[in-house]
Amino acid sequence: MNPFAFRVLARAGRARVGLLHTPHGPVETPLFMPVGTQGSVKGLMPRDLKEIGSQILLANTYHLLLRPGPERVKALGGLHGFAGWRGPWLTDSGGFQVMSLGHLRRIDEKGVVFQSHLNGDLVELTPERSVAVQEALGSDIAMALDECPPYPSSRAYLEASLERTLRWLERSLKAKTCPDQALFGIAQGGTEADLRRRSTLETIRFDLPGYAIGGLAVGEPKEAMFRMVELSTALLPEDKPRYLMGVGHPEDLVAAMGLGVDLFDCVYPTRTGRFGYALVPEGRLNLKSGRYLEDPRPLEEGCDCYACRTFSRAYLSHLVRSGEMLGAVLLSLHNLRFLHRLTEGAREAIRQGQYGDFARAFAERRFGKEIPPWFREALVAGGHW
(Lines give C-alpha, C1' and ligand atoms only; values in the text may rest on other atoms or scores of the structure.)
Protein backbone atom coordinates (compact mmCIF):
# COMPACT_ATOMS: atom_id res chain seq x y z
CA MET A 1 0.00 0.00 0.00
CA ASN A 2 1.14 3.55 -0.73
CA PRO A 3 2.29 4.91 2.68
CA PHE A 4 0.88 8.31 1.69
CA ALA A 5 -2.43 7.25 0.16
CA PHE A 6 -5.15 9.89 0.26
CA ARG A 7 -8.84 9.19 -0.13
CA VAL A 8 -11.80 11.56 -0.17
CA LEU A 9 -14.46 10.21 2.19
CA ALA A 10 -17.21 12.83 1.82
CA ARG A 11 -18.01 15.95 -0.17
CA ALA A 12 -20.29 18.95 0.16
CA GLY A 13 -19.87 21.30 -2.78
CA ARG A 14 -16.12 21.72 -3.13
CA ALA A 15 -15.49 21.06 0.57
CA ARG A 16 -14.30 17.56 1.35
CA VAL A 17 -13.35 15.20 4.16
CA GLY A 18 -10.30 13.11 3.42
CA LEU A 19 -8.09 10.46 5.00
CA LEU A 20 -4.34 10.85 4.55
CA HIS A 21 -2.09 7.95 5.49
CA THR A 22 1.42 8.59 6.84
CA PRO A 23 4.09 6.27 8.29
CA HIS A 24 3.11 7.51 11.77
CA GLY A 25 -0.61 7.06 11.42
CA PRO A 26 -3.59 8.30 9.41
CA VAL A 27 -5.02 11.80 9.74
CA GLU A 28 -8.42 13.12 8.83
CA THR A 29 -8.73 16.31 6.82
CA PRO A 30 -9.44 19.18 6.74
CA LEU A 31 -7.10 19.82 9.65
CA PHE A 32 -4.98 22.52 11.23
CA MET A 33 -1.32 21.84 12.02
CA PRO A 34 0.18 23.55 15.09
CA VAL A 35 3.55 25.11 14.36
CA GLY A 36 6.50 23.78 16.36
CA THR A 37 9.19 25.87 14.71
CA GLN A 38 12.11 24.47 16.70
CA GLY A 39 10.55 21.07 17.41
CA SER A 40 8.31 22.57 20.09
CA VAL A 41 4.88 24.18 19.99
CA LYS A 42 5.64 27.07 22.33
CA GLY A 43 4.40 26.45 25.85
CA LEU A 44 2.64 23.14 25.16
CA MET A 45 3.70 19.55 25.80
CA PRO A 46 3.02 16.74 23.31
CA ARG A 47 0.48 15.22 25.68
CA ASP A 48 -1.41 18.56 25.71
CA LEU A 49 -1.45 18.60 21.93
CA LYS A 50 -2.70 15.04 21.72
CA GLU A 51 -5.46 15.77 24.24
CA ILE A 52 -6.80 18.74 22.25
CA GLY A 53 -6.90 16.80 18.98
CA SER A 54 -3.72 17.82 17.14
CA GLN A 55 -2.94 15.40 14.32
CA ILE A 56 0.23 16.72 12.63
CA LEU A 57 2.90 19.09 13.92
CA LEU A 58 5.02 21.35 11.73
CA ALA A 59 8.72 22.08 12.28
CA ASN A 60 11.07 24.49 10.54
CA THR A 61 14.03 23.31 8.46
CA TYR A 62 15.95 26.59 8.64
CA HIS A 63 15.75 26.93 12.41
CA LEU A 64 16.56 23.27 13.14
CA LEU A 65 19.49 23.43 10.71
CA LEU A 66 20.96 26.22 12.83
CA ARG A 67 20.28 24.50 16.14
CA PRO A 68 20.51 21.79 17.32
CA GLY A 69 21.52 20.60 13.84
CA PRO A 70 19.91 17.80 11.79
CA GLU A 71 22.64 15.25 12.59
CA ARG A 72 21.97 15.58 16.31
CA VAL A 73 18.21 15.23 15.79
CA LYS A 74 18.74 12.15 13.62
CA ALA A 75 21.04 10.54 16.19
CA LEU A 76 18.40 11.04 18.88
CA GLY A 77 15.56 9.39 16.97
CA GLY A 78 14.51 12.03 14.48
CA LEU A 79 11.81 14.52 15.38
CA HIS A 80 9.53 11.75 16.64
CA GLY A 81 12.01 10.56 19.25
CA PHE A 82 13.83 13.82 19.89
CA ALA A 83 10.74 15.96 20.43
CA GLY A 84 8.45 13.29 21.90
CA TRP A 85 5.63 13.72 19.37
CA ARG A 86 5.04 10.24 17.95
CA GLY A 87 2.41 11.30 15.45
CA PRO A 88 3.13 12.68 11.97
CA TRP A 89 5.47 15.63 11.39
CA LEU A 90 5.63 18.01 8.44
CA THR A 91 8.76 20.06 7.87
CA ASP A 92 8.82 23.18 5.76
CA SER A 93 11.74 23.71 3.42
CA GLY A 94 13.14 27.06 4.51
CA GLY A 95 11.41 28.78 1.60
CA PHE A 96 9.36 31.07 3.83
CA GLN A 97 12.58 32.38 5.38
CA VAL A 98 13.64 33.44 1.87
CA MET A 99 10.95 36.11 2.30
CA SER A 100 10.82 36.68 6.06
CA LEU A 101 14.62 36.97 6.37
CA GLY A 102 15.02 38.88 3.11
CA HIS A 103 17.43 41.30 4.78
CA LEU A 104 19.69 38.41 5.81
CA ARG A 105 19.93 36.34 2.63
CA ARG A 106 21.29 36.22 -0.90
CA ILE A 107 19.49 34.14 -3.51
CA ASP A 108 20.69 32.74 -6.83
CA GLU A 109 20.07 29.71 -9.02
CA LYS A 110 22.06 27.41 -6.75
CA GLY A 111 20.07 28.24 -3.64
CA VAL A 112 19.99 30.69 -0.74
CA VAL A 113 22.80 31.92 1.50
CA PHE A 114 21.52 33.17 4.84
CA GLN A 115 23.35 35.19 7.42
CA SER A 116 22.37 33.38 10.60
CA HIS A 117 20.12 35.51 12.78
CA LEU A 118 21.81 33.84 15.78
CA ASN A 119 25.51 34.57 15.24
CA GLY A 120 25.98 36.02 11.76
CA ASP A 121 27.51 32.87 10.24
CA LEU A 122 26.75 32.22 6.57
CA VAL A 123 24.47 29.23 6.00
CA GLU A 124 23.79 27.84 2.54
CA LEU A 125 20.47 26.16 1.80
CA THR A 126 20.10 24.53 -1.61
CA PRO A 127 17.26 22.28 -2.75
CA GLU A 128 19.54 19.31 -2.20
CA ARG A 129 20.55 20.36 1.31
CA SER A 130 16.96 21.17 2.26
CA VAL A 131 15.94 17.62 1.30
CA ALA A 132 18.92 16.12 3.16
CA VAL A 133 18.13 18.11 6.31
CA GLN A 134 14.46 17.09 6.22
CA GLU A 135 15.39 13.46 5.70
CA ALA A 136 17.68 13.66 8.74
CA LEU A 137 14.86 15.24 10.76
CA GLY A 138 12.71 12.26 9.78
CA SER A 139 9.48 14.09 9.05
CA ASP A 140 6.62 12.26 7.36
CA ILE A 141 6.03 15.12 4.90
CA ALA A 142 8.80 17.33 3.53
CA MET A 143 8.37 20.46 1.45
CA ALA A 144 10.48 21.18 -1.62
CA LEU A 145 12.56 24.35 -1.36
CA ASP A 146 10.74 27.26 -2.98
CA GLU A 147 11.04 31.01 -3.27
CA CYS A 148 8.17 32.75 -1.49
CA PRO A 149 7.85 36.24 -3.03
CA PRO A 150 6.79 39.15 -0.84
CA TYR A 151 3.69 41.22 -1.53
CA PRO A 152 3.71 43.31 -3.56
CA SER A 153 6.18 42.00 -6.13
CA SER A 154 6.57 42.93 -9.76
CA ARG A 155 5.24 40.59 -12.40
CA ALA A 156 8.79 40.00 -13.61
CA TYR A 157 9.88 38.97 -10.11
CA LEU A 158 6.89 36.65 -9.69
CA GLU A 159 7.58 35.00 -13.02
CA ALA A 160 11.27 34.51 -12.30
CA SER A 161 10.60 33.14 -8.81
CA LEU A 162 8.00 30.61 -9.94
CA GLU A 163 10.30 29.35 -12.69
CA ARG A 164 13.15 29.00 -10.20
CA THR A 165 10.83 27.21 -7.77
CA LEU A 166 9.99 24.68 -10.50
CA ARG A 167 13.66 24.08 -11.25
CA TRP A 168 14.35 23.67 -7.54
CA LEU A 169 11.48 21.17 -7.30
CA GLU A 170 13.07 19.05 -10.01
CA ARG A 171 16.39 19.12 -8.16
CA SER A 172 14.66 18.27 -4.87
CA LEU A 173 13.09 15.18 -6.40
CA LYS A 174 16.45 14.02 -7.76
CA ALA A 175 18.01 14.49 -4.31
CA LYS A 176 15.27 12.58 -2.47
CA THR A 177 16.40 9.20 -1.07
CA CYS A 178 13.89 8.34 1.67
CA PRO A 179 10.86 6.26 0.56
CA ASP A 180 9.10 6.85 3.90
CA GLN A 181 8.93 10.62 3.42
CA ALA A 182 6.51 12.34 1.07
CA LEU A 183 7.79 15.37 -0.83
CA PHE A 184 5.15 18.03 -1.54
CA GLY A 185 5.60 20.68 -4.22
CA ILE A 186 4.64 24.33 -3.77
CA ALA A 187 2.89 26.43 -6.41
CA GLN A 188 3.65 30.16 -6.49
CA GLY A 189 2.62 33.02 -8.77
CA GLY A 190 1.49 35.66 -6.31
CA THR A 191 -1.93 37.10 -7.14
CA GLU A 192 -1.43 37.04 -10.92
CA ALA A 193 -4.02 34.53 -12.11
CA ASP A 194 -2.17 33.41 -15.23
CA LEU A 195 1.11 32.95 -13.34
CA ARG A 196 -0.65 31.09 -10.54
CA ARG A 197 -2.31 28.84 -13.11
CA ARG A 198 0.99 28.19 -14.89
CA SER A 199 2.82 27.41 -11.67
CA THR A 200 0.08 25.05 -10.47
CA LEU A 201 -0.17 23.14 -13.75
CA GLU A 202 3.61 22.81 -14.04
CA THR A 203 3.88 21.63 -10.44
CA ILE A 204 1.24 18.90 -10.73
CA ARG A 205 3.09 17.48 -13.74
CA PHE A 206 5.56 16.01 -11.25
CA ASP A 207 2.79 13.70 -9.88
CA LEU A 208 3.66 14.26 -6.22
CA PRO A 209 1.91 12.84 -3.11
CA GLY A 210 0.54 16.31 -2.27
CA TYR A 211 0.63 19.97 -3.23
CA ALA A 212 0.84 23.29 -1.43
CA ILE A 213 -0.56 26.68 -2.33
CA GLY A 214 2.28 29.02 -1.41
CA GLY A 215 2.94 32.73 -1.47
CA LEU A 216 -0.44 33.81 -0.05
CA ALA A 217 -1.39 35.40 3.30
CA VAL A 218 1.69 37.62 2.94
CA GLY A 219 -0.13 40.96 2.97
CA GLU A 220 -2.36 40.81 -0.10
CA PRO A 221 -6.08 41.73 0.14
CA LYS A 222 -8.42 38.90 1.13
CA GLU A 223 -10.28 39.23 -2.17
CA ALA A 224 -7.10 38.59 -4.12
CA MET A 225 -6.00 35.76 -1.84
CA PHE A 226 -9.23 33.82 -2.15
CA ARG A 227 -9.42 34.27 -5.91
CA MET A 228 -6.06 32.47 -6.02
CA VAL A 229 -7.24 29.77 -3.61
CA GLU A 230 -10.35 29.20 -5.72
CA LEU A 231 -8.28 28.99 -8.89
CA SER A 232 -5.72 26.67 -7.29
CA THR A 233 -8.13 24.15 -5.80
CA ALA A 234 -9.98 23.96 -9.12
CA LEU A 235 -6.73 22.90 -10.81
CA LEU A 236 -5.17 20.64 -8.17
CA PRO A 237 -5.87 16.88 -8.39
CA GLU A 238 -8.91 15.54 -6.56
CA ASP A 239 -6.99 12.55 -5.22
CA LYS A 240 -4.12 14.45 -3.55
CA PRO A 241 -4.08 16.59 -0.38
CA ARG A 242 -4.04 20.38 -0.77
CA TYR A 243 -2.12 22.49 1.71
CA LEU A 244 -2.68 26.26 2.07
CA MET A 245 0.50 27.46 3.73
CA GLY A 246 0.63 29.96 6.59
CA VAL A 247 -3.12 30.46 7.03
CA GLY A 248 -4.69 30.25 10.50
CA HIS A 249 -7.34 32.92 11.04
CA PRO A 250 -10.66 31.13 11.70
CA GLU A 251 -12.60 32.97 8.99
CA ASP A 252 -9.88 32.14 6.46
CA LEU A 253 -10.07 28.45 7.36
CA VAL A 254 -13.85 28.38 6.91
CA ALA A 255 -13.65 30.07 3.51
CA ALA A 256 -10.74 27.91 2.31
CA MET A 257 -12.24 24.63 3.55
CA GLY A 258 -15.31 25.53 1.52
CA LEU A 259 -13.09 25.69 -1.56
CA GLY A 260 -11.56 22.26 -0.94
CA VAL A 261 -8.38 22.97 1.04
CA ASP A 262 -7.27 20.08 3.29
CA LEU A 263 -4.27 21.26 5.36
CA PHE A 264 -3.44 24.51 7.15
CA ASP A 265 -0.70 25.83 9.43
CA CYS A 266 0.04 29.13 11.13
CA VAL A 267 1.68 30.58 14.24
CA TYR A 268 -1.41 32.76 14.74
CA PRO A 269 -3.23 30.79 17.49
CA THR A 270 -0.21 30.36 19.75
CA ARG A 271 1.33 33.77 19.05
CA THR A 272 -2.05 35.37 19.72
CA GLY A 273 -2.26 33.45 22.97
CA ARG A 274 1.17 34.67 24.06
CA PHE A 275 0.01 38.22 23.37
CA GLY A 276 -2.95 37.74 25.72
CA TYR A 277 -5.79 37.09 23.26
CA ALA A 278 -8.30 34.23 23.23
CA LEU A 279 -10.12 33.12 20.10
CA VAL A 280 -13.91 32.97 20.41
CA PRO A 281 -16.68 32.64 17.78
CA GLU A 282 -17.21 36.42 17.73
CA GLY A 283 -13.52 37.18 17.17
CA ARG A 284 -11.12 37.34 20.11
CA LEU A 285 -11.00 38.49 23.72
CA ASN A 286 -8.26 40.80 24.94
CA LEU A 287 -7.44 39.37 28.38
CA LYS A 288 -5.08 42.28 29.05
CA SER A 289 -8.22 44.39 29.52
CA GLY A 290 -9.42 45.03 33.03
CA ARG A 291 -13.02 44.38 31.94
CA TYR A 292 -12.56 40.64 32.56
CA LEU A 293 -11.07 40.84 36.06
CA GLU A 294 -14.40 39.97 37.70
CA ASP A 295 -15.86 37.82 34.90
CA PRO A 296 -16.63 34.31 36.22
CA ARG A 297 -17.36 32.80 32.81
CA PRO A 298 -14.99 30.54 30.86
CA LEU A 299 -13.28 31.92 27.78
CA GLU A 300 -15.89 30.22 25.60
CA GLU A 301 -19.08 28.53 26.73
CA GLY A 302 -19.14 24.95 25.48
CA CYS A 303 -15.41 24.67 24.80
CA ASP A 304 -13.97 21.42 26.17
CA CYS A 305 -10.35 22.54 26.54
CA TYR A 306 -8.66 22.42 29.96
CA ALA A 307 -8.54 26.21 30.20
CA CYS A 308 -12.29 26.56 29.66
CA ARG A 309 -13.19 23.59 31.87
CA THR A 310 -11.10 24.82 34.78
CA PHE A 311 -10.57 28.58 34.86
CA SER A 312 -12.56 31.80 34.66
CA ARG A 313 -11.89 34.77 32.44
CA ALA A 314 -11.12 36.64 35.66
CA TYR A 315 -8.27 34.27 36.59
CA LEU A 316 -6.88 34.17 33.07
CA SER A 317 -6.98 37.95 32.84
CA HIS A 318 -5.12 38.11 36.15
CA LEU A 319 -2.43 35.78 34.80
CA VAL A 320 -2.02 37.75 31.59
CA ARG A 321 -1.94 41.13 33.31
CA SER A 322 0.57 39.80 35.86
CA GLY A 323 2.88 38.41 33.19
CA GLU A 324 2.52 34.86 34.51
CA MET A 325 3.63 32.31 31.91
CA LEU A 326 0.65 30.09 32.73
CA GLY A 327 -1.61 32.66 31.09
CA ALA A 328 0.17 32.35 27.75
CA VAL A 329 0.15 28.54 28.04
CA LEU A 330 -3.58 28.33 28.73
CA LEU A 331 -4.54 30.81 26.01
CA SER A 332 -2.35 28.99 23.48
CA LEU A 333 -3.97 25.70 24.48
CA HIS A 334 -7.46 27.15 24.09
CA ASN A 335 -6.69 28.84 20.76
CA LEU A 336 -5.38 25.63 19.22
CA ARG A 337 -8.36 23.70 20.53
CA PHE A 338 -10.63 26.38 19.05
CA LEU A 339 -9.18 25.75 15.57
CA HIS A 340 -9.28 21.98 16.03
CA ARG A 341 -12.93 22.19 17.06
CA LEU A 342 -13.56 24.37 14.02
CA THR A 343 -12.12 21.79 11.63
CA GLU A 344 -13.85 18.95 13.48
CA GLY A 345 -17.16 20.77 13.07
CA ALA A 346 -16.40 21.37 9.40
CA ARG A 347 -15.71 17.68 8.84
CA GLU A 348 -19.01 16.70 10.45
CA ALA A 349 -20.92 19.31 8.44
CA ILE A 350 -19.37 18.04 5.20
CA ARG A 351 -20.30 14.45 6.08
CA GLN A 352 -23.89 15.63 6.62
CA GLY A 353 -23.89 17.60 3.37
CA GLN A 354 -24.45 20.81 5.34
CA TYR A 355 -21.26 22.80 4.99
CA GLY A 356 -23.16 25.85 3.75
CA ASP A 357 -25.22 25.92 6.94
CA PHE A 358 -22.05 25.51 9.02
CA ALA A 359 -20.25 28.35 7.23
CA ARG A 360 -23.22 30.73 7.38
CA ALA A 361 -23.69 30.07 11.10
CA PHE A 362 -20.00 30.78 11.63
CA ALA A 363 -20.25 34.01 9.62
CA GLU A 364 -23.28 35.26 11.54
CA ARG A 365 -21.42 34.94 14.84
CA ARG A 366 -18.10 36.21 13.51
CA PHE A 367 -19.30 39.09 11.35
CA GLY A 368 -22.90 39.78 12.32
CA LYS A 369 -24.85 41.38 9.47
CA GLU A 370 -21.74 42.78 7.75
CA ILE A 371 -20.40 39.63 6.10
CA PRO A 372 -17.37 40.61 3.98
CA PRO A 373 -17.79 40.22 0.22
CA TRP A 374 -14.63 38.08 -0.02
CA PHE A 375 -16.07 35.54 2.43
CA ARG A 376 -19.41 35.36 0.69
CA GLU A 377 -17.74 35.07 -2.74
CA ALA A 378 -15.55 32.20 -1.56
CA LEU A 379 -18.57 30.29 -0.31
CA VAL A 380 -20.46 30.99 -3.52
CA ALA A 381 -17.52 29.64 -5.53
CA GLY A 382 -17.46 26.55 -3.29
CA GLY A 383 -21.16 25.89 -3.84
CA HIS A 384 -22.25 26.79 -0.29
CA TRP A 385 -24.18 30.08 -0.59
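Here is a short chat about a few residues and the nonpolar cores in this predicted model.

Visitor: Let's start with N60. Where is N60 placed?
Guide: N60 is in the loop that runs between β5 (57–59) and α2 (61–66).

Visitor: Buried or exposed?
Guide: N60 counts as buried, because its relative accessibility is 4%, and the cut-off for buried is under 20%.

Visitor: And what lies 2.9 Å from a polar atom of its side chain?
Guide: That's the backbone nitrogen of Y62. Leaving aside neighbours within four places in sequence, N60 is also in contact with G36, T37, D92 and Q97.

Visitor: Okay, new topic. Which residues touch the most other members in the largest nonpolar core?
Guide: Those are F226, L244, V254, F264, Y355 and F375, out of 71 residues in that core. Helix α14 (residues 325–351) gives this core its largest share, eight residues.

Visitor: What is F226 in contact with, leaving aside its neighbours within four places in sequence?
Guide: D252, A255, A256, L259, W374 and A378. There's a second, separate core too, with 20 residues, including L20, V27, I141 and L263.

Visitor: Now P127. Which helix is P127 found in?
Guide: Helix α6, residues 127–137. P127 is buried, since its relative accessible area is 0%.

Visitor: So what is P127 in contact with, again leaving aside neighbours within four places?
Guide: K110, L145, W168, R171 and S172.

Visitor: And what separates the C-alpha atoms of P127 and L201?
Guide: A gap of 21 Å, with the two residues 74 apart along the chain.

How values were computed: Residues are numbered from 1 along each chain as its sequence is written. This is a predicted model: local features need pLDDT of at least 70, side-chain atom pairs count only at pLDDT 80 or more; totals for chains, interfaces and linings use all residues. Side-chain values use heavy atoms; hydrogens and water are left out. Helices (H or I, at least four residues) and strands (E, at least two) are DSSP runs, numbered from the N terminus. Buried means under 20% relative accessible area, exposed over 50%, partly exposed in between (1.4 Å probe, protein chains only). A polar contact is a pair of N or O atoms within 3.5 Å; within protein, one must be able to donate a hydrogen and the other to accept it, and residues adjacent in sequence count only if both atoms are side-chain atoms. Contact means heavy atoms within 4.5 Å. A nonpolar core is a set of buried Ala, Val, Leu, Ile, Met, Phe, Trp, Tyr and Cys residues joined through side-chain atoms within 4.5 Å.
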